[in-house]
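Biologist: Here is the model I wanted to go through with you. Let's take it piece by piece.

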Amino acid sequence: MIRWSRFNIVSVTLGLAFLYLPILLLIIYSFNSSRLVTVWGGFSTQWYVHLFSNDTMLNAAWLTVRIALLSATIATVLGTLAAITLVRYTRFRGRILFSGMIYAPLVMPDVITGLSLLLLFVTSGVDRGFWTIVMAHTTLTMCFVAVVVQSRLLTFDRSIEEAAMDLGAPPVRTFFEVTLPIIAPAVFSGWVLALTLSLDDLVIATFASGAGAKTLPMLIYSQVKLGVTPEINAICTILIGVVAVGVICASIATKRREVQRQRDEQAAAAA
Amino acid sequence: MKALGSLIYQRLVIIVPYAWLLIFFLAPFLIVFRISLSTKALSVPPYDPSFAWSDSFSDWWDKLQTMSFDNYVWLTGDPLYMNAYIESLQIAGISTLLTLIIAYPIAYGMAQAPRTIRPTLLMLVILPFWTSFLIRVYSWMSILSTTGLLNQLLMGLGIIHQPLVILNTNTAVYIGMVYSYLPFMVLPLYSALEKMDGTLIEAAQDLGCTPIGAFWRVTFPLSLPGVIAGCMLVFIPAVGEFVIPDLLGGSQTLMIGKVLWTEFYSNTDWPLASAVATILLLVLVVPIVFFQHFQARADEKGR
Amino acid sequence: MKSLGNIRRSFAPWTDPSAKPYISFKNVTKKFGDFTAVDNLSLNIYNREFFALLGASGCGKSTLLRMLAGFEQPTTGEIVLDDQDLAGTPPYRRPVNMMFQSYALFPHMSVEKNIAFGLRQDGMPKAEIDDRVAQMLKLVKLEQFAKRKPNQLSGGQRQRVALARSLAKRPKVLLLDEPLGALDKKLREETQFELMDLQQSLGLTFVVVTHDQEEAMTMADRIAVMSHGQVVQVATPAEIYEAPNCRFVADFIGDVNILDGNVTSTQSGIVEMAVESGFTVRTASGDTPSAGSRASLAIRPEKLRVTPRAPANASVNAAEGEIWDIAYLGDMTVFHVKLKSGQVVKASSLNAVRAVEEPFAYDQNVWVSFDENAGVLLKD
């Protein structure tokens, strides 16, 4: 269509380099046998070994994962309901407030959301810990899920639902047998988005948690303030690796499905 | 088409998320405001007055009387806080602008790329977003420190002889902000630019426009919705940003997110922190409402 | 008695005063905010009819269909099906099935599952469902495509699946929303006859919405021409074509020449007019307009004769002019003749012989003539 000029290639390459530089450095230094960033002490995996005997970190990691899985799942359900409301029910009392409450958390600074949730928990006498972090993360991430699912629903062909109802399926059955399977990819990517946001969150988790619960970001943050420990590099690299593998697999799977779909359509057209 | 679902299900779909958000999003703001009217105390919870269900009406009334706007008076009177708000807005504003300038060529390049590699480019831009934000900011700490990679590189190349002090200054904050918020700017821009019809540029050039002229008169105006969305997605959270100024900024970097955190954790002055938060919210209310309005209108168009 | 068109119709329940309509719209109005899509419309459709709703976009035909299916509720008025008022009945409880314009096949289900969907909703036992699905596949000749998904099918195949799916539950009434719109010309023609055969053999009532006149004329027993939310005329294709009740219908269907003028006299079934194009017209008509009133005569192009010389009686129903334009269409030729008054009329003739001895030429002086039964006196 439009030729890719040199300027464009340079911009994109520089941009990507800028984005990936810190990540690459982190990975490299996680294999640095020396503690100092300035000195390359040779290749070593000792920090990974240290990591696996570091109980505090492992516990924090496990806690973070549990919180993320739980809050992401609840957020996906709530966010999907919210998306349906936004798209299908355009007129009900309080709709403006509702849509405001969905979009505001997307841009609200974490410190405000975090502080407000903490005060909620304190004034209502709820003990802060695992469950309060789950509730806090759910509240934030459900809005992101809602936006993702909503944009899919907007392009959804309503006549398919009408066909289902015409054939005798009442609305709830139509949703579960027809609509949901079709929008499933969007719902899934909403879930993944919620998962990532939860795994990564520092500020809200700090406000919403109590003495007992320390998530991995909270742990990393406190250690970073004290001084860099190379185990952090190691765990960061592992996280990056896991995510990268996940994203690449998803991309390949999507691409393959796309190619298959195109092949199917061509075969059908030729038939 | 109005869904003909049984009314109960319809109501449930609306009520469940609505109730959740009312309880966990809206109500807390009211609580923040109420606490901002209290004073710090050495009790648990660390503010006065603290209401209890066992209070009688007269207790209640007495406690109510002790609440005041003192915190607000304190905040508006002390130039430190006012400066913090102003500097936050400044830093966020400049960061947004820088992010826009850097993101635009990237998004433009992506939109111009051959169709087959666009999904790959998109994936490459999104991938860092899936990795931890905290980790990446932390990585910049080691790059920008006086013994960090950047200084090593520059000194090694002989460009400078004394290490540059970047870490713990506003410059580091800008770098950190641009880095962290880049995907939020690139994605809406890319989305807007990709939808643009290339033949419009050709038409402009056919009518006598230079390539640069065509860009400013055709491409940029058409990409404006993406520009606005991106700026909103960067500016608003950046004003209240905490992690980046905390890790990369210095003691002179006065951002309101840090102030709030300090008041809350270091000084355990919850009422004051609440007041800080309330004022921040008021400051941001206009852009937030604008953002919501903008989103709602974009949704209508997509309908 | 002469009949319009040359088809003998034995099936005509609408002519029988004792026949009860199967579907009845009674003073149905549908408003969307300020916009009135359907305006106080009343219509009767009989059992086993192939009925077409014909009109331009925005005339309300799709809205009417959707109200029958249950996706819209009338603002006022009643819709009655087989003696039951459909008000308040949701679409999933109506004995009506619809074939959608976009086919609306479930993309995540195979052809089999798509067809079986409606049967599953009714709780039919599995063995019966399998039987019925096999029957349907045989009916639309898609047996070997049973396991395929919609995106692996061509447009024509998808249409058959949509048809099979909508017939699987053996509804009494099948609604079809622009069923042939997405097909290419040849496929469209084949499918038209297939649909007609299917309707006859299954004994169902079909209600088709279309903007394509040819489709409506070919397939339907009766057509309702709609405009601005109202039914302008309901009649058989022949009646619609040869006896339009107003200018709109005359103009909407096929090509027509309209001669406006003043009535000079009316006697024993013949109305005499002086038309603005400058000649005298005598036409057979059941109406008796008074002398001096305005009237219009609608004549189809194929009813006009073009001759190089004046006809025997050139004082009535004949006019002189020149060949203004010629459109050679292969099977027929349409001559645009510019009369002395300046009005251009269209006259078409079949090319019944391969080679003509004296073909017409541009600007040639010719005569256009027709007889008393050739045209229809229009009421407005």
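Biologist: What separates the centres of domain 1 and domain 2 of chain C?
Modeller: Between those two centres, taken over C-alpha atoms, there are 34 Å. The bounds come from an automatic or database domain assignment: domain 1 of chain C is 13-95 + 171-251, and domain 2 is 255-378.

Biologist: How many residues does the contact take from each?
Modeller: Six residues from domain 1 of chain C and six residues from domain 2 of chain C, where contact means C-beta atoms, placed from the backbone, within 7 Å.

Biologist: What should I know about the model itself?
Modeller: It is a predicted model, in which local features need pLDDT of at least 70 and side-chain atom pairs need 80 or more, while totals for chains, interfaces and linings use all residues. Residues are numbered from 1 along each chain as its sequence is written, and chains are lettered from A and ligands numbered from 1 in the order written.

Biologist: Back to chain C. How many helices and strands?
Modeller: Chain C has eight helices and 20 strands, as DSSP runs numbered from the N terminus (H or I, at least four residues; E, at least two). Its C-alpha trace spans about 75 × 50 × 40 Å along the principal axes.

Biologist: What share of chain C is buried?
Modeller: 38% of its 380 residues. Buried means 20 or more other C-beta atoms within 10 Å of the residue's own. For contacts in chain C between residues at least 6 apart in sequence, 64% join residues at least 24 apart.

Biologist: At what angle do H5(A) and H1(B) pack?
Modeller: About 80°, with the axes 8 Å apart; H5(A) is residues 110-123 and H1(B) is residues 7-36. That makes the pair roughly perpendicular, a label for 65 to 115 degrees. Axes are lines fitted to C-alpha atoms over the stretch in contact, with angles from 0 to 180 degrees between N-to-C directions.

Biologist: Which residues meet there?
Modeller: Among them, A:Leu115, A:Leu119 and A:Thr123 from H5(A), and B:Phe24, B:Pro28 and B:Ile35 from H1(B). By class this contact has eleven nonpolar, two polar and no charged residues.

Biologist: Now H7(A). How many of its residues are buried?
Modeller: Seven of nine, in residues 158-166. The buried ones include A:Glu161, A:Glu162 and A:Asp166. What covers the buried residues includes H8 of chain A, together with helix H1 (61-69) and strand E6 (96-99) of chain C. A:Gly168, with a positive phi near 110°, follows H7(A).

Biologist: Last one, A:Leu26. Why does it count as buried?
Modeller: Because A:Leu26 has 22 C-beta neighbours inside 10 Å. A:Leu26 lies in helix H1 (residues 6-30) of chain A.

Biologist: What is A:Leu26 in contact with, leaving aside neighbours within four places in sequence?
Modeller: A:Asn233, A:Cys236 and A:Thr237, plus B:Ile135 and B:Ser139. A:Thr229 is 203 residues from A:Leu26 in sequence and 12 Å from it in space, C-alpha to C-alpha.

Technical notes:
Angles under 35 degrees count as roughly parallel, over 145 as roughly antiparallel, 65 to 115 as roughly perpendicular and the rest as oblique. Two residues are in contact if their C-beta atoms, placed from the backbone, lie within 7 Å. Ala, Val, Leu, Ile, Met, Phe, Trp, Tyr, Cys and Pro count as nonpolar, Asp, Glu, Lys and Arg as charged, and the others, Gly among them, as polar. A residue is buried if 20 or more other C-beta atoms lie within 10 Å of its own, exposed if 12 or fewer, and partly exposed in between; C-beta atoms are placed from the backbone.
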